Amino acid sequence: MTENPFFEAWNTPFELPPFDHIRPEHFPPAFDNGMAEHAAEIAGIAGAGAPPNFANTVEALERSGRLLRRVGRVFSNLTSSATNAALDAIDRDYAPRLAAHRIKIMLDPALFARVDALWRERDALGLALDQRRLLERHHLNFVRNGALLDPAQKARMAAISERLASLHTAFGQNVLHDEDEWRLVLDESDLDGLPDFARAAAAEAARERGLDGRYAITLARASVEPFLTFSARRDLRQAAHEAWAARGEHPGPHDNRPLIGEIMALRAEQARLLGYDSFAEYRLDDTMAKTPEAAADLLRQVWEPAKRKAAEERAELAAAARADGLNAPIAPWDWRYYAEKVRLAKYAVDQAAVKPYFALDNIVEAAFDAAGRLFGVRFIERQDCPLYHPDVRAYEVRDTANRPIGLFLHDNFARPGKHSGAWMSSYREQEMLDGEILPVVVNNNNFAKGDPTLLSFDDAHTLFHEFGHGLHGLLSRVRYPSQSGTSVRRDFVEFPSQVFEHWLEVPETLRRYAPALPHRRTLARGAAAAAAGGAHLQPGFRDRRIRRLRDARPRSAFANRSGRARHRRLREGIHRSCRHAAGDRAAPPAGAFPASVRRRRLCRRLLRLSVGRGARRRRLRRLHRGGRPVCARFGGAAQGDL
């Protein structure tokens, strides 16, 4: 790499960006060239002498702007995951320029006329399903960006788009500034109540900031939430919570409050230009909800029950606080702290005891294993990839025929210069328009680094959830770039990830990747009691997740049932194939089943014999004797027999 890497071929695995050669000063000329090249391509499409057809208009649009997309993906990922002052300055400078470039294309009358002509004749074009969908989405995209407006309205729409781009960029940078700059520096005497994993994470955060021998709480969620949950120092909890809640609200150059008013006003004006009464109507019109009234109706169904439940929990927490000697009303910085005390006292569930179940490396392996059993993919770590930060790990993904299907980057730790939250993104998207292009997908999390790094149950769920998005991008098999991976409707994009996250809770996953601890039975009893009492106390119980850990105990699948119930269970058909932690439901192919599921199904077949109930029970005891899998005792025939 001699000059600007964006103008050269990338001879890296999967054409991964050569991060070791890319510098901030490379982006401005790359953006300029990319926009100029894209504008020339658009002019050629819009001014073509031939009548519009799908190839010379829609497919030409799909091919246009490749250099700009290449530069933009690298830049947007770096400004989210590893930004610095130089990149932030470029972002502020180029955000309105890029918005102006994009809206100019959307408002081009000649270009829209060609797309509109095809859209009106779409039934007679003989298009494949993916082509028809692509045409319809392109047309709708033009319309929702103002292609039907008059010239004066188009000029105002362009000005609004440029200004919103600047405001949104400034808003995100202001929040990140407060997250990076604020820290609560502690000494050993300030750590009362903090479990070992929280102390270790605070020590690591301090060391990264040049504060060796001390402890630091940052505004990364993985740092501040455990502190608010376990710290016995109410004054320090108050300081941390107030700083966390006030990100972007401090007077001065990083105050987001003036920006919010302007953003809302411009969004409302934008919606009115397009014929909507409010921005909410505009935003929801292209979703399943369709109207603000439908969305509000859904919220109203849960609002009053949620308020009643919150009031009940507040009363419980206030009682615990009084017993602890606190005479003041419960404040926001007390909520997590006393919720944990009530949870431990009432349900014998200790979140600090749950953490050692979920070492980060184990949960990553669990996600890879689940993907392998479900989709037949393997993840092979690559040490020869240039990466943008030492925290990042790269994996080549291969299918059952050992063919490569993509590259997966895993960026799991919180650090300065990285936005909070968790998300999936791409450096390159899969497509087959002009030959197969394989995807390069990245998952970002914000876990507190430790040795080892331990996750909460919610953190583990987040990892599985984002990995579901990653699989959505990796397993994409489409022709056109605009339809690749997660480029689907917002209503649907969460579906694959929300389905995949439940594989964390499958008993086989927990048994294999969350090793048993002395607290396991205590945890299971407390969780079961909470479920029986209908209590979903605060973050640990509000979604019933922790109580599912009880299914991880190694035991007979027929334990804790009466003899009659066990007998009835044996007579059931094999249609209910996959017993999930939350109940029976349809399952993937047999090869994807955990061993416990295969064992139960085989047991049912072997025991459906015309013998007395006592003989069946004896046979069942022999099958489970010693805790060995059924397939091992029958020469490995179990899986094939399924």
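**Exercise 1.** In which hand, left-handed or right-handed, does α9 pass α14? Describe the packing of the two helices.

*Ground rules.* This is a predicted model, where local features need pLDDT of at least 70, side-chain atom pairs count only at pLDDT 80 or more, and totals for chains, interfaces and linings use all residues. Residues are numbered from 1 along each chain as its sequence is written, and side-chain values use heavy atoms, with hydrogens and water left out.

*Solution.* 
- Step 1. Locate the helices: α9 spans residues 221–230 and α14 spans residues 332–347. Helices are DSSP runs (H or I, at least four residues), numbered from the N terminus.
- Step 2. Take the axes. They come within 6 Å and cross at roughly 65 degrees. Axes are lines fitted to C-alpha atoms over the stretch in contact, with angles from 0 to 180 degrees between N-to-C directions.
- Step 3. Assign the hand. The crossing of α9 with α14 is right-handed (the near helix is turned clockwise from the far one by less than a right angle).
- Step 4. List the contact residues (contact means heavy atoms within 4.5 Å). From α9 come Glu 225, Leu 228, Thr 229 and Phe 230; α14 supplies Trp 333, Arg 336, Tyr 337 and Glu 340.
- Step 5. Sort them: four are nonpolar, one is polar and three are charged. Ala, Val, Leu, Ile, Met, Phe, Trp, Tyr, Cys and Pro count as nonpolar, Asp, Glu, Lys and Arg as charged, and the others, Gly among them, as polar.

**Exercise 2.** Classify the ring pair of Phe 31 and Phe 75.

*Solution.* 
- Step 1. The whole structure holds 28 aromatic pairs. Rings of Phe, Tyr and Trp (its six-membered ring) pair if their centres lie within 6.5 Å; planes under 30 degrees apart are stacked, over 60 edge-to-face, the rest tilted.
- Step 2. For Phe 31 and Phe 75, the centres are 5.3 Å apart and the planes stand at 80 degrees, so the pair is edge-to-face.
- Step 3. Phe 31 sits in α1 (residues 27–46) and Phe 75 in α3 (residues 66–81), so the pair ties together parts 44 residues apart in sequence.
- Step 4. Check burial. Phe 31 is buried at 2% relative accessible area. Phe 75 is buried at 5%.

Methods. Buried < 20%, exposed > 50% of the residue type's maximum accessible area, 1.4 Å probe, protein only.
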